[in-house]
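Below are a few friendly notes to read alongside the structure.

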2 protein chains.
Amino acid sequence: MRGPQREAQSGMPGRVTIYEVGPRDGLQNEKAVVPVEVKAEFVRRLVSAGLDTVETTSFVSPQWVPQLADSAELLTLLGEVGRGRNRPVLVPNERGLDAALAQGVQAVAIFGSATETFARKNLNRSVDESIAMFAPVVTRARAEGLWVRAYLSMCFGDPWEGDVPIAQVVEVASRMMDLGCDQLSLGDTIGTGTTGHVHRLLDALDTNGIGAERIGVHFHDTYGQALANTFAALAHGVTVVDASTGGLGGCPYAKSATGNLATEDLVWALDGLGIETGIDLEALVETSVWMAGHLGRPSPSRVVKALAGGDD
Amino acid sequence: MRGPQREAQSGMPGRVTIYEVGPRDGLQNEKAVVPVEVKAEFVRRLVSAGLDTVETTSFVSPQWVPQLADSAELLTLLGEVGRGRNRPVLVPNERGLDAALAQGVQAVAIFGSATETFARKNLNRSVDESIAMFAPVVTRARAEGLWVRAYLSMCFGDPWEGDVPIAQVVEVASRMMDLGCDQLSLGDTIGTGTTGHVHRLLDALDTNGIGAERIGVHFHDTYGQALANTFAALAHGVTVVDASTGGLGGCPYAKSATGNLATEDLVWALDGLGIETGIDLEALVETSVWMAGHLGRPSPSRVVKALAGGDD
């Protein structure tokens, strides 16, 4: 069986854009260090499997994220494949933006936190200070004509703070978007969120002027909730879903090795409903098997296991 | 973090009955042979963790399912814990029913197939012949005052036949229920189904007189779709969900080792919405860790991995 039975579902979008985060969010959280040539091949394979939007890397200090220290080299290797408004790179600050601009990128993403504790742990500053840091990045990026995405992490729970009030997420999200960002990616960084939570947060954002058309959802599958949460978001009008081929990546702040929603599991789900993604699932599974060889561990994706015959 | 943030969702039931299939469907499909004392302890732990409905074993020929050859001994060990209308056992035929009745069980389940190929492979007879075999089982069980469940497998896809037309599932389901069964469990035996498929099948069953109040859903997580599919069913009014503690069991007809929807992942999802289940998640996770030790492999449940610190 190479694909699910097609049975349409009312109230679902006709097309979903998968925002592939494997090369960045995925590899950033893998223990194995992947050679830059393998990363370049990974991105090329993803694009040729039909993934239109691929976040390729991060221009962050190598001291903080040694896994992505080769970002400039990767973009050089990628050439045209690494440029364009659908090949964003993460930039934490103005220095990162400078480095990204020097490479001719046309899209960037900033990475904020909905909670004070994670802002301190991840960005070494308060939420206020981090937004002050992002402001000139977004202003300059927009002046250069770049597309800008705002990640907001810990939207559904925080490992230190526990529950994260929806009003707090809306407030920080609004401040991030008011900087001039084009898209907001709501991160369930530790994977604890559930479907009711997704509905309520999207409702609250909509009420506050951030509609589904500007939102992407970013679910980690740590507690097995990622796909169910994605469907809650789709029912709400969201059409951009972050996923990581092979389910690459974990979260260093959760005990489990389970990472992002696996792109293959998402594609299977969307294929079943006849929702267009433009993706060749078989090519994607082959890519995950190939990458698993480089990482020295099997893909946690259920679909990869089922189709490629892997084991737990 | 010991539980998800509580955020209610409209259109969801206030309470869900989890129909625990770990001791039967789970252990039946595990390679390891588990001693009968361990099985008894497993059932006792599940019940004391708050699982009200537990299918304990199967009175099937030991030649076909050696893993459950100890069913009579298990029920003897279980005593009262193994009896009652919420402690069903599987009976394939009249001989199985006799053996179950001799043990004083008060609830049984029969196991049919929506497809001809699986009926032949699993029951060694056609769909017609299998229904003819079930008829006296159900009649006698009802005459004895037993509660009767009808499993229907391959409702969402068949590994040999591929797509399974919804009309075909409805037809076989209707014939099974017309025998006099109390509940229908719709099985996605190979885990290929998606959410639109769930909605459409439930719609078609409802149109044909089998309403959500008589239906349970039984999803395998082979393609990562089980929880998303469960939510589609809940939105449709279904309140009985089959799950297996620790995600025990696989499907011998799919290449992957991934089994039933893990009870823990389901409980996490329901807890998040404030839907009552009566289950102590922590006790359940402890039980899965304990059982994983007996099986010699880690639980595939995401929640067990996250909370117990397991690894892929």
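This is a predicted model: local features need pLDDT of at least 70, side-chain atom pairs count only at pLDDT 80 or more; totals for chains, interfaces and linings use all residues.

1. Strand β5 (residues 107-113) of chain A runs parallel to β6(A), and seven bridges join them. One pair to look at is Ala107(A), whose bridge partner in β6(A) is Trp147(A).

2. On to the next neighbour. β6(A) is also joined to strand β7 (residues 183-188) of chain A, again in parallel, through four bridges. Here Tyr151(A) stands opposite Ser185(A) in β7(A).

3. Why is β6(A) largely enclosed by the rest of the structure? Six of the seven residues of this strand (residues 147-153) are buried, taking 20 or more other C-beta atoms within 10 Å as the cut-off.

4. Helix α9 (residues 226-235) of chain A is likewise largely enclosed by the rest of the structure, because nine of its 10 residues are buried. Among them are Leu227(A), Phe231(A) and Leu234(A). Just after α9(A), do have a look at Gly237(A), which takes a positive phi of about 100 degrees.

5. Finally, the contact between the chains: 47 residues come from chain A and 47 residues from chain B. On the chain B side, α8 (195-207), α9 (226-235), α10 (263-272) and α12 (302-308) each supply at least two residues. Of these, α8(B) gives the most, with five residues. The side of chain B that touches chain A divides into 18 nonpolar, 18 polar and 11 charged residues.

Conventions: Residues are numbered from 1 along each chain as its sequence is written. Chains are lettered from A and ligands numbered from 1 in the order in which they are written. Two residues are in contact if their C-beta atoms, placed from the backbone, lie within 7 Å. Ala, Val, Leu, Ile, Met, Phe, Trp, Tyr, Cys and Pro count as nonpolar, Asp, Glu, Lys and Arg as charged, and the others, Gly among them, as polar. A residue is buried if 20 or more other C-beta atoms lie within 10 Å of its own, exposed if 12 or fewer, and partly exposed in between; C-beta atoms are placed from the backbone. Two strands pair if DSSP finds at least two bridges between them.
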